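The entries follow the order in which I worked.

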Amino acid sequence: MSFDPGMLHNNGHTAYANGTGPGIRETGLVEKLLTSYGFIQCSERQARLFFHCSQYNGNLQELKIGDDVEFEVSSDRRTGKPIAVKLLKIKPEVLPEERISGQVVSAIPVHLDGKSAPGQAPTGSVCYERNGEVFYLTYTPDDVEGNIHLDTGDKVSFYMDTNKHTGAVSARNIQLVKKKQMRCQGVVCATKEAFGFIERADVVKEIFFHYSEFKGDLEALQAGDDVEFTIKDRNGKEVATEVRLLPQGTVIFEDISIEQFEGTVVKVIPKVPTKNQNDPLPGRISSRIGFNDKELPFGEKDTKSKVTLLEGDHIQFNISTDRRDKLERATNIDILPDTFDFTKETREMDMLSAQRNHAVRIKKLPKGSVSFNTQSEQRFMGVVEKEVVATNTKNASPTKAKEKEAEEGVIAYEDCGVKLTVPYHIKDIEGGGYPQAGDKVEFCINEVKRTGLQSAVSVRVLNRNASNAKRLLGFVATLKDNFGFIETANHDQEIFFHYSEMCGDLENLELGDTVEYTLSKGKGNKVSAEKVTKVAAVNGISEDVDATVMMGKVIRPLRSVDPSQTEYQGLIEITEEGATKGSNYPFGIMGMLNKADCLQKGELVKFHVCTVAQTGQKMASNVVPQRRAMVECVKDQFGFIIYEVGESKKLFFHVKEVQDGLELQTGDEVEFSVVLNQRTGKCSACNVRRVSEGPKPVATPRPDRLVNRLKSITLDDASAPRLVIVRQPRGPDNSKGFNVERKTRQPGVID
């Protein structure tokens with residue numbers, strides 16, 4: 001760029017952009033300096049002015065970026081833009097002689113390589129106190145003398161400097177006065193009521209600390225925690241202050257060798273320490289390490305398996321070296337298996353149990369080496385004289401705090417012409433069903449070695465007693481928290497049963513399962529089912545099912561849906577035109593296609609008519625509800641359907657119940673089943689299937705007030721928003737505008 005100094009207007013007739021006339025001088029900062037020209041950032045206003053080097057009054061070699069200058073404002077005759085003329089360099093002010101004392105509150109962040117952290121300015125901050133107030137100043141690495149790194153907490157002295165252009169005050173010529181005291185580390189070794197002790201990691205010494213010096217949750221502090229602290233002198237004694245927790249494993253006292261060594265115990269730890277014993281490592285091990293015999297101490301915590309050591313034991317161990325005083329000791333001590341081959345001690349075999357005798361030097365044997373019982377190889381046959389009382393603790397009622405232990409049963413049998421009896425327990429029964437009184441069984445006899453007590457094991461039923469109570473078939477109709485109901489084989493009533501009467505795994509029991517049970521009467525002559533056993537599935541109602549599909553309406557639900565009604569069966573009324581319109585057909589749990597579905601009064605259903613083989617009664621079978629409703633809303637993982645169930649007019653559903661993995665929208669029409677949560681008593685939708693999509697959301701038009709406001713805005717309105725072009729676009733070849741490659745469109749072809 002060429003510049004002619006003679007083209008400047010210095011005659012006083014030029015109008016300036018800022019209204020400044022000739023002769024008035026301004027100050028600024030040299031922002032950019034090239035060979036023949038540069039730019040100045042004004043101090044009194046937001047302006048950036050061009051200047052030619054010929055306008056500088058002084059040695060141009062001494063002018064640098066950042067120097068303060070004084071100048072007059074003129075205009076370029078060719079472009080009319082304001083420029084700076086008659087430049088003079090302003091001498092920098094001399095810093096005051098008084099230095100200010102302060103402290104680093106935020107050190108300059110650096111990486112491990114010493115460079116500034118990316119994405120943030122390399123600045124720190126210091127503070128100082130004046131007349132009871134604390135003031136904070138920023139600083140940069142160039143402001144620190146001696147090329148040292150300052151840390152938070154360091155004591156420093158500095159001068160204050162004010163930026164003439166921004167007015168910001170910063171610290172300059174910072175000198176380090178005193179480094180912050182280094183933090184020490186250790187492990188809490190003891191805690192008392194109001195104080196504790198820390199084992200230091202730098203020297204073999206403990207240091208006192210008061211709980212008021214702990215910076216954290218005092219309730220969480222316990223012996224063994226890693227901490228850091230600062231040491232201070234109080235009353236001539238060292239104490240730990242500003243105690244803070246460290247991550248577990250931060251403090252390491254010793255280095256343990258990877259290599260294991262073998263040795264012999266020459267001195268054991270006394271069981272009862274003497275009064276004069278102050279050695280924390282009273283045990284001694286002799287070992288040959290390298291070419292030298294070495295004796296290493298050890299303590300109670302150095303045995304690996306807590307085994308009782310005796311003199312002469314052959315052991316293996318690692319060597320631990322204390323980082324503080326380089327003391328070596330034996331650790332991870334374990335007895336070698338061949339030790340027992342050399343000792344003369346008497347050893348016994350047994351299984352671990354709670355007994356008063358004290359066992360020492362325990363050696364683990366292969367599983368099955370020790371047995372307390374003997375079982376006969378011969379199998380005996382007998383008759384159940386007393387059946388076992390099954391109290392299923394796994395499936396028992398959760399409302400009972402304690403469960404009675406299962407009573408044992410009794411089997412009568414003959415051995416060599418002598419009539420004998422033997423007890424048996426429920427855990428010793430094999431097969432599906434439990435033996436009952438009078439049943440013929442086969443078993444083995446188990447005898448306890450210590451006491452000689454006998455019991456029957458591997459009990460298997462051979463023949464059932466025909467005189468036992470009649471076993472009935474039924475179908476699971478309802479499952480509650482700790483009880484349920486069974487639908488009878490005639491599908492006309494339900495029988496109560498408690499989960500403690502269930503023989504088998506209750507978790508595999510589902511609605512509609514076929515079960516076998518015995519009727520009994522309890523308090524108040526109430527009938528209930530006992531000895532409930534799940535059996536193979538049988539036909540629910542009958543094979544005689546009419547193929548005609550009927551349309552009807554539920555006029556009475558099952559009692560599980562409406563407990564207030566006296567009848568168990570539900571009732572469906574035919575609604576389609578024909579000779580059978582108005583006819584009613586009862587239904588039970590086995591008449592529903594989906595046993596978990598919760599049919600409500602007034603719902604429309606499809607069904608078949610079948611005949612019960614035992615009674616000849618006609619009932620509804622394969623009942624399927626005809627539910628259709630609109631989706632009201634869908635949230636993150638659930639939604640609601642506009643469908644009235646009981647007192648609620650909305651039905652909850654989870655998105656995992658939507659078939660085919662579709663995402664439902666508000667307004668979609670869906671089909672679904674209703675299930676009842678037995679625990680909460682609330683209904684929800686399952687097997688949700690979309691029938692048709694709802695209307696797509698339409699963009700809401702702008703309100704009239706906004707349209708009228710936009711129409712009222714004109715370009716001449718000074719308060720209206722404006723778009724000002726700052727620079728015209730230029731292409732890569734420096735031409736005006738953008739070069740757009742035009743393509744010739746062919747008919748019927750879309751780019």
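**Entry: a loop residue**

I looked up Gln600 and found its place in the loop between strand E36 (584-587) and strand E37 (604-611), where strands (E, at least two residues) and helices (H or I, at least four) are DSSP runs numbered from the N terminus. I noted that this is a predicted model, in which local features need pLDDT of at least 70, side-chain atom pairs count only at pLDDT 80 or more, and totals for chains, interfaces and linings use all residues. Residues are numbered from 1 along each chain as its sequence is written, and side-chain values use heavy atoms, with hydrogens and water left out.

Is Gln600 buried or exposed? I wrote down that Gln600 counts as buried because its relative accessibility is 13%, given that buried means under 20% relative accessible area, exposed over 50%, and partly exposed in between (1.4 Å probe, protein chains only). Leaving aside neighbours within four places in sequence, I found Gln600 in contact (heavy atoms within 4.5 Å) with Val554, Val561, Val645, Gly646 and Cys683.

I followed Val645 next, and its bridge partner in E41 is Ser648. Strand E40 (residues 638-645) and strand E41 (residues 648-654) pair in the antiparallel sense over six bridges; two strands pair if DSSP finds at least two bridges between them. I then traced a closed barrel of five strands, E39-E40-E41-E43-E42, with mixed pairing. Its neighbouring strands are turned by 50 degrees against each other on average, direction ignored, with axes as lines fitted to C-alpha atoms (for helices over the stretch in contact) and angles running from 0 to 180 degrees between N-to-C directions.

**Entry: another barrel**

I also traced a closed barrel of five strands that runs E1-E2-E3-E5-E4, with mixed pairing. Strand E3 (residues 48-52) and strand E5 (residues 82-89) pair in the parallel sense over two bridges, and I noted Ile83 in E5 as the bridge partner of Phe50.

**Entry: strands around E9**

Which strand do four bridges join to strand E9 (residues 155-162)? I found that it is strand E6 (residues 100-106), running antiparallel to E9, and that Gly102 stands opposite Val156 in E9. E9 also pairs with strand E10 (residues 169-178) in the antiparallel sense, over seven bridges, and Met160 stands opposite Ala171 in E10.

**Entry: an exposed tyrosine**

Last, I looked up Tyr136, which lies in strand E8 (residues 133-139) and is exposed, because its relative accessible area is 57%.
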